[in-house]
Amino acid sequence: MARGQPFHCPPGVTLRDRSEQRQAQLAKRQALMAKLAKNAADRRSSTPAAMASAPARLHRNVDAYMAALAAQPLHRLGESEVVQLTPAYVRIVRSAAEVAVDGSAQVVMPWPPGRLSPSAIVSLLAVAAVGSAERTIVTVQRSTETSRAPADEVRAIVYPYARSTHAQARQVQLDRHVLGTTNFEHVKRYMSGGGGAAKDYHQVLARVRQLNGTASDGRSYAEFEHPILDEIVPHGPPRGDRPSNSSLLWRTRNKTDITRQSRSGEADDPAKAAFYLYTLRAGDRIGVELRAIAKSPDLLILDLSRNGRDRLGWDWLERAKEMVNCIRTVHPTTGILVVADDPWTYRAARFDLLGVKLPGRKGKMMPATGHIVYSPTSGIVTDIGTRAIAIEGGAQPDADGFFGEVDRNIERLRALVNRLLTLGDQEGAATVRNLIATVRRSACLPGSLAELSRFLERETSTAIADDRLAIYRVASDVATLTDPRSLASQADAEHGTVTGARELMRKLEFATPMTSLLEAAIQPALRSSSRSVFVFRSDMVAEFAADRLSHDHPKLRARLNDNVILFGGERVLATVTGMPNSSRNQFKRAILVAPTRSAILATLAQPWLPDKVLVLADADTLAYAARDAEQLADEIDIAPLAARLRAFATRAAGRVAEIGRHAIQFEMPTDDVEFPTGAVVDLTGGVRGARNLLEIVLKNGQRILARRNTGIVLRDDGSATTAFIERPACQIRAGDEVCVIGPGFVERARTLINIRATAAEEIRNYHEQVTRRFGEIDGSSVQARLRALVARMGEPNVSTETAHYWIDLRDQLDKPLCDVVPHAPQDEATFLRFTRALGIGERLALTYWRWAVVAQRTHRLRYGNIFHDAFRGILTDTHAALASSQDRRAEIRTLRAMAEEHVSVVDEVRSIQAS
């Protein structure tokens with residue numbers, strides 16, 4: 001047995017040990033399988049048969065492809081006007097042709113994001129290949145005719161596939177004259193015989209010249225005058241039955257008499273077709289399906305848009321890696337085109353999915369080629385002659401948010417996700433992610449959950465209200481995660497993360513951080529003569545916000561009725577953008593309330609925005625959006641848009657730093673907890689050892705000693721109202737206004753708040769918890785239960801007599817609050833063992849510990865610093881403090897007002913060496 005190993009806990013039997021053993025076995029197995037697969041692939045590639053069967057790559061003229069595609073007229077469905085491809089599809093088709101040339105990999109991200117059609121990409125690539133074939137002269141029945149050389153084949157795979165892949169491609173028509181004439185020129189080449197599947201393909205498409213809009217019922221329809229983009233390349237799975245609408249000209253065949261002529265059908269055969277789209281769904285067996293394709297496809301289109309990622313699930317990156325590895329093994333010459341619509345996905349695809357590590361232990365990761373193309377028009381086509389997009393407005397982006405208990409709880413839930421993934425519990429991890437989304441969604445409501453429930457019941461019905469409130473409920477997820485049979489309950493046993501989330505949701509029943517944040521943001525709009533637009537996640541949330549705010553702000557109702565202030569969902573900003581310039585320019589302010597990070601960037605990418613754009617979100621969303629905006633600005637090639645994105649990134653990142661990442665707890669020090677007296681406020685924590693410190697000298701004679709990264713509270717001069725922000729001590733400069741949380745601040749706080757009553761309430765609660773939980777321990781007598789309690793603690797130095805003092809609380813429960821004295825261990829480690837043995841969670845135990853230990857004089861300095869952090873969080877993250885401490889709203893506002901009197905100007909900042 002290892003030295004120091006407890007007798008009752010042999011090695012290798014804990015949950016962590018079993019998890020590590022399982023991971024080690026899995027790693028060995030995967031390494032062995034990878035080695036076997038590599039050896040098998042090397043043997044196959046080295047055989048003469050494999051070398052002889054390896055096809056020579058086609059030489060594709062990409063520029064000729066794009067020229068031929070530009071020469072093909074396009075129409076919107078049922079319209080006669082000629083349109084052109086959007087910049088996004090021009091870039092995607094070019095990249096598809098490039099990866100088909102040499103089997104390389106590229107990542108393309110159109111921005112702003114929109115729905116993409118992989119089916120349209122393959123069809124457009126086929127049109128380009130057919131139209132770019134060189135013209136030749138052939139002899140047909142003793143006469144010379146203009147024909148074309150054989151076209152490059154286009155055979156592609158789409159993964160993950162769904163029927164919605166074809167939606168956009170069915171809204172675009174190819175001009176029958178150019179398409180039919182081009183394919184008829186190819187048909188002339190086969191008039192002397194031969195041709196196979198290529199002949200069948202060109203022969204069918206050449207018949208579109210006969211279309212005139214007349215349907216089988218004898219009537220004329222504009223939508224049948226030209227073939228649609230989706231029907232010029234057949235599609236289907238590599239194995240099994242194909243759908244009825246997957247063959248060549250499937251739509252035209254059913255609605256007109258064009259297909260009454262005979263054909264061989266080889267163009268629709270996946271084993272013979274020269275132009276074909278293989279469809280692989282997310283649930284298919286990838287290896288089996290890929291091996292069913294006899295001839296290597298030209299490219300794989302990996303759809304990592306939002307819809308594609310949703311089909312693959314939470315572990316979409318691992319599923320995508322599996323697909324890439326399999327295609328490289330089965331069809332190593334196939335090019336890979338990844339289509340993304342999110343900056344984080346774009347980067348993950350370039351580095352984690354397709355990146356290549358250079359040789360050597362310190363070799364860098366070389367990312368795959370990537371393109372971000374700005375395309376403000378969604379869809380496949382846009383009008384010809386559209387003027388160049390001018391970027392207007394949005395020069396003053398701003399951000400505000402909160403951190404507090406909400407984001408702190410989300411951080412703990414993320415840690416639980418990682419623990420569950422380590423244990424191999426994918427379903428449990430997905431449940432925790434759903435819980436994270438619900439917590440964030442609820443915290444970002446412009447009112448409490450109870451107010452939302454009352455609003456929905458008043459405006460709709462009980463059944464509809466229950467249905468719409470379902471996305472704000474966590475009961476089912478919490479029940480699943482706390483089930484004793486689940487891995488989550490074991491992984492979270494020592495942390496109480498899920499229980500903390502449930503407690504947080506109960507607090508959100510009464511108030512949310514976004515409530516006070518929105519109330520502060522609406523004040524300038526109520527005072528201004530210009531117009532403002534508030535963008536919410538949905539119209540329902542916008543109506544709820546308008547109803548709730550109108551009660552407290554009567555002026556708002558009149559402004560909403562006069563359209564001076566607009567509340568709406570995501571489309572309300574597009575409504576303003578579509579107004580005439582005279583009306584649109586009256587809007588000077590846009591406030592985005594709780595948007596997603598993708599919605600933030602998509603809004604910033606709009607051609608027109610009001611001068612002032614304010615984003616209200618939690619600190620995590622702002623931090624991620626700032627990071628993505630910075631990356632997007634580096635990639636995009638439009639200078640005004642890049643400048644707008646960088647301005648937002650700078651402001652959002654700065655605001656997140658100003659808020660700080662505090663767990664807001666309204667805990668005040670008792671009279672026995674003191675800050676150092678005198679003119680020096682020491683925030684170093686009293687840690688020994690040589691270190692570099694900063695001394696901040698104030699004009700009032702006070703000095704602050706702090707580490708370089710210690711957060712210092714400043715008054716924000718740039719805010720119209722009193723506001724406090726946080727900055728590291730190393731960024732403090734002469735002239736800054738610092739709020740000094742020192743002895744004077746604490747003494748004033750004691751006169752404002754009944755500190756002793758607050759502490760006594762916590763101690764009384766602690767005593768009640770100990771009494772109840774001790775009574776639940778099995779045992780026929782108090783001594784038997786005490787022996788069981790001491791055994792649970794596993795601390796040999798604790799006797800039953802000592803433990804008896806800790807649980808003998810009958811007198812304390814009957815005393816007045818002012819006379820309550822804590823009966824508790826005086827050592828933190830022993831205290832935590834004692835509470836853990838009683839079944840009290842660690843977070844709650846730490847809260848009790850702060851109040852039980854404050855009487856110890858040796859801890860005054862350390863806990864003075866802890867309370868400094870608590871005050872700092874209350875001042876800089878007000879909205880989170882108000883939401884988590886509804887019963888102390890007046891006290892919090894009083895403290896913030898008092899903080900104004902403790903602001904002093906920095907005279908000098910200097911480095912000192914302490915030892």
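Contact here means heavy atoms within 4.5 Å.

1. **What you are looking at.** This is a predicted model, in which local features need pLDDT of at least 70, side-chain atom pairs count only at pLDDT 80 or more, and totals for chains, interfaces and linings use all residues. Residues are numbered from 1 along each chain as its sequence is written, and side-chain values use heavy atoms, with hydrogens and water left out.

2. **The chain as a whole.** The protein chain holds 37 helices and 27 strands; these are DSSP runs numbered from the N terminus, helices (H or I) having at least four residues and strands (E) at least two. Of its 915 residues, 51% are buried, where buried means under 20% relative accessible area, exposed over 50%, and partly exposed in between (1.4 Å probe, protein chains only). Among contacts with a separation of 6 or more, 74% are between residues 24 or more positions apart.

3. **Ser528.** Look for Ser528 in the loop between helix H20 (513–527) and strand E17 (531–535). Is Ser528 buried or exposed? Ser528 is buried, because its relative accessible area is 16% and the cut-off for buried is under 20%. Leaving aside neighbours within four places in sequence, Ser528 is in contact with Arg559 and Arg589.

4. **Strand E9.** In strand E9 (residues 275–279), five of the five residues are buried, leaving the strand mostly covered. Phe275, Leu277 and Thr279 point one way, while Tyr276 and Tyr278 point the other way.

5. **The partners of E9.** Two strands pair if DSSP finds at least two bridges between them. Strand E6 (residues 154–159) runs parallel to E9 and is joined to it by five bridges, with Val154 opposite Phe275. Strand E8 (residues 235–236) also runs parallel to E9, through two bridges; here Gly236 stands opposite Tyr278.

6. **Helix H25.** Which residues of H25 are buried? They are Ala599, Ile600, Leu601, Ala602, Thr603 and Leu604. Six of the eight residues in this helix (residues 597–604) are therefore buried, so H25 is largely enclosed by the rest of the structure.

7. **Met366.** Finally, visit Met366 in strand E13 (residues 365–366). Met366 counts as partly exposed because its relative accessibility is 42%, which lies between the 20% and 50% cut-offs.
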